[in-house]
Amino acid sequence: MSPEPRQILAPDGTRHGESSLEIPAIRRLYQAMLSARVFDRKASAMQRQGRLATYSPFEGQEACQIGSAAALSPQDWVVGSYRDGGAMWLHGYTWRNLLLGRTGDERGGRTPDGVRVLPPSITVGGHMIHAVGLGWGERLQGSDGVALTLFGDGATSEGDFHEAMNFAAVFETPTVFFCQNNGWAISMPTERQTRSETIAHKAVAYGMEGVRVDGNDLLAVYEAATAAVAKARRGDGPTLIEAITFRVGPHTTADDPGRYRSEGIVAEWRERDPLERVRRYLVAQDAWDEAWQREIEEAESRAIEDIVADAEALPAFTPREIFDGMYAEPTAQLREQRAEAERG
Ligand SMILES: Cc1ncc(C[n+]2csc(CCOP(=O)(O)OP(=O)(O)O)c2C)c(N)n1
């Protein structure tokens, strides 16, 4: 395994590798990354206005999230964390779901019918074992569905990571482990997170393939994820992808990153912005112009504003509704608790 992350698009937008994506597909994914960025900035602003409880921004990680989820088919699963809204949305979870979740409204956790996305995991690493189970379940039912699970570098220090990786490798489950190594687990830098040469190297211990990729390169992420998904679908088992990226914002809106990292590092990573890299490539291919940029920016901003208005116009969520979301048929215990809540 090469410690050098695979790259197809350099930060200046020049391509130095093969990509299976044609220009129209790259334009669509660029627009999706833009939508993700508009949502992400809007959600951070709404938290500052007291309209959301907390928010964990993913700015800088759009290529990871859009590039990996773009490799999936509808029968596949996305199982992510609090920072993975971009991937979840591309696979059918809605921005409205994500906004409501951030107000503490349980309706946010109800995945739209037919959409194979679990609500975001706040427990670091806990969701990886669910992804393994979902993929294994697909296999047992004779389907070729695959589960993509996204997590951070910090999550690889959790016992759940070990359990998920080991089980997936032994049972050859159709799982794609997608680690967004964004340099930090809150204030803990990656170099204090692990003594492994890279996170991808951890795959070796489990008997699994490990791949390292430039996480700010949409094309490289897409190719790595596409290969891992195809392998899992064929029945050839799981892959660990380590995508090297950076969160340019705070860990959450409750965090002050100025206390543990310099502005200089942030500025350096802004130079490697995943959207700007694709834009430069499209410019060089004569597939970008300012009018189109303005048009998609306006369209995505309008779409997000409409979703915010719609979410905020919902009748207020009542605490009793927490009993409605979990089971199709409530258990006897839940019925009892609900009755107690109704009595006040
Ligand atoms: C099991 C568990 N331990 C601790 C926390 C508190 N916590 C929330 S986010 C976080 C850091 C996670 O870092 P990483 O996995 O690198 O993901 P990132 O936030 O960078 O996307 C911690 C320790 C938690 N939510 N769950």
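Predicted model: local features only at pLDDT ≥ 70, side-chain atom pairs only at ≥ 80, totals over all residues.
Residues are numbered from 1 along each chain as its sequence is written. The protein has 13 helices and seven strands, where helices (H or I, at least four residues) and strands (E, at least two) are DSSP runs numbered from the N terminus.

**Overall build**

- The radius of gyration of the protein is 20 Å, close to the 20 Å that the globule rule gives for 344 residues, so the protein is as compact as a globular protein of that length; the radius is taken over C-alpha atoms, and the rule is 2.2 Å times the number of residues to the power 0.38.
- Of the 344 residues, 44% count as buried, a term that requires 20 or more other C-beta atoms within 10 Å of the residue's own, with C-beta atoms placed from the backbone.

**The sheet**

- Five strands form an open sheet in the order E1-E2-E3-E7-E6, with parallel pairing; two strands pair if DSSP finds at least two bridges between them.
- Strand E1 (77-79) and strand E6 (209-214) stand at the edges, each with a single partner strand, so one side of each is left without a neighbour in the sheet.
- E1 and E2 pair in the parallel sense over three bridges, and Val78 stands opposite Leu148 in E2.
- E2 and E3 also pair in the parallel sense, over six bridges, and the bridge partner of Thr149 in E3 is Phe177.

**Strand E3**

- E3 is mostly covered, as seven of its seven residues are buried.
- In a regular strand the side chains alternate between the two faces of the sheet.
- Thr175, Phe177, Cys179 and Asn181 point one way from E3, while Val176, Phe178 and Gln180 point the other way, and all are buried.

**Around the ligand**

- The ligand is surrounded by 14 residues, of which the closest are Val124, Gly152, Gly154, Ala155 and Ala185; a residue is near a molecule if its C-beta atom, placed from the backbone, lies within 6 Å of it.
- Strand E2 (147-152) and strand E4 (184-185) each supply at least two residues of this shell.
- By class, the shell has seven nonpolar, five polar and two charged residues, where Ala, Val, Leu, Ile, Met, Phe, Trp, Tyr, Cys and Pro count as nonpolar, Asp, Glu, Lys and Arg as charged, and the others, Gly among them, as polar.

Terms used: Buried ≥ 20, exposed ≤ 12 C-beta atoms within 10 Å, placed from the backbone.
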